[in-house]
Amino acid sequence: MSARHEGVRAGAATLINPPLALYVHFPWCVRKCPYCDFNSYTLNGELAQEPYLQRLLRDIEAQAPEVTGREVASVFLGGGTPSLFSPDAIGRVLQGARRHLKLAADVEVTLEANPGTIERGRFTEYRAAGVTRVSLGAQTFDAAILKALGRIHSPDETRLAATELHAAGLTNFNLDLMYALPGQDLAGAGRDIAAALALEPAHVSHYQLTLEPGTVFAARPPPLPDEDAAAVMLSACGERLESAGFAQYEVSAYARPGRQCRHNLNYWNFGDYLGVGAGAHGKLTFADRGHIVRTVQAREPRRYLAAPDAALTRHVLAAEQLPFEFMLNALRLAGGFTQRSFTERTGLEWGAIGAPIAALRERGLMEVTATACRASTLGLRFLNDLLLEFMPETSKMPGSSALSMTAREPGQGASAPLYTGLHGPNAE
Ligand SMILES: C[S@@+](CC[C@H](N)C(=O)[O-])C[C@H]1O[C@@H](n2cnc3c(N)ncnc32)[C@H](O)[C@@H]1O
Ligand code: SF4
């Protein structure tokens, strides 16, 4: 163990069970997009809706005893494309969750939807099934770029889906946008923000397109704006969103007041979540046992379907991994984190990270106020550098992939050099 991490002890003096969420993964898409390295697969033939649904229900039942008595504050139905599943199927997943878990009275239930899968009236049915929030994959409103991205929908279909959301009373919706897209310039990125705002979303996720290893785009990269151009787009788009009343609360997330995504906030605050479905990740704190466990399900749908109900891979996090694991999430938040949340959610003393925090302050990469600790404006541009300070020495060995493994969904590939990083585990 390095001198820097001398304070790290496996004690559970302060460990407290944090809020709990539920993530459910739906791994199929109409067509795999060439940039995407999520655990998603082109649907060949009929959707195996019923067998997958039954497996999800058994998965929820098998994992429920891990969290007996704990309340679930949010549910995220993510993918892949969950909107390929019927409102009836989504309703049955939620009923299963209610049967085996204790859902909060005001539980947030987000459904990810691809605009190319939305028929008239569909959102009204999803809402009746229990969905309270939708995340719509708009990406861009430029028809030619949508085509270059291999998307299955037109800008008008995205507009129609947003109209349907308002008509269904699902006004709490997010639009996913990407920028620094093939052939895009600053004016084009700005037009996308204006087009998105015209649809009156409650939330906008704004991701820089990254070339993820193993994707078609990584093998045959399209012409992309360079990093300087991307940085200008990022700040210009951010300003536009902020002047329209959206506050940036995370590296890629902007929300109207009170409309932050509770589910993703829980990831970034190092909260707990059950991970259900093919390749889903979970994180569970057991304060009574003094440890935190990461779980992962079989990634490939056929293997997941065939696996025994209780075949979940578990991995207890070592104490020296915890500062890095915590920071990987918390440093993304514009508001940062408190000393108390660090000690309660890792079970470590604050002194365990005193030295790296002091070093980062010195370099102007972190700010520490009386109440919170956060990455500075400069630090947010170089999050990977900050994270390195919290990485256990063993993970820094040549060949180690700890940073690339964890910057996005664990095991899903590397982050961009600039850690505008997409998603927490399973996030939108
Ligand atoms: C699981 S998908 C959202 C739902 C649905 N599958 C869709 O695409 O419409 C999550 C989001 O991640 C973003 N994303 C995926 N791959 C990306 C990449 N390589 N770079 C940047 N953003 C990416 C897209 O904005 C996408 O909407
Ligand atoms: S971006 Fe969405 S629609 Fe495209 S392959 Fe990935 S999960 Fe499927």
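Where is G80 found? In this predicted model, G80 sits in the loop between β4 and α2 (87-100).

## A bond to look for

G79 and G80 are joined by a cis peptide bond, and its omega is about 15°. Both G79 and G80 are also among the residues around ligand 2.

## The overall picture

Stepping back, the protein contains 16 helices and 16 strands. Of its 428 residues, 46% are buried. Taking the contacts between residues at least 6 apart in sequence, 72% join residues at least 24 apart.

## Around the two ligands

Ligand 1 is surrounded by 19 residues, and the closest are E112, N114, G137, D176 and Y207. Two or more residues of this shell come from each of β4 (71-79), β6 (133-139) and β7 (173-179). By class, the shell around ligand 1 has eight nonpolar, seven polar and four charged residues.

Q139 lies in strand β6. Although Q139 is not a glycine, its phi is positive, near 70°. Q139 counts as buried because it has 26 C-beta neighbours inside 10 Å, where 20 or more are needed.

F270, in the loop between α9 (262-268) and β11 (272-276), is another residue other than glycine with a positive phi, here near 60°. F270 is buried too, with 24 other C-beta atoms within 10 Å.

Note on methods
Residues are numbered from 1 along each chain as its sequence is written. Chains are lettered from A and ligands numbered from 1 in the order in which they are written. This is a predicted model: local features need pLDDT of at least 70, side-chain atom pairs count only at pLDDT 80 or more; totals for chains, interfaces and linings use all residues. A residue is near a molecule or strand if its C-beta atom, placed from the backbone, lies within 6 Å of it. Helices (H or I, at least four residues) and strands (E, at least two) are DSSP runs, numbered from the N terminus. A residue is buried if 20 or more other C-beta atoms lie within 10 Å of its own, exposed if 12 or fewer, and partly exposed in between; C-beta atoms are placed from the backbone. Two residues are in contact if their C-beta atoms, placed from the backbone, lie within 7 Å. Ala, Val, Leu, Ile, Met, Phe, Trp, Tyr, Cys and Pro count as nonpolar, Asp, Glu, Lys and Arg as charged, and the others, Gly among them, as polar.
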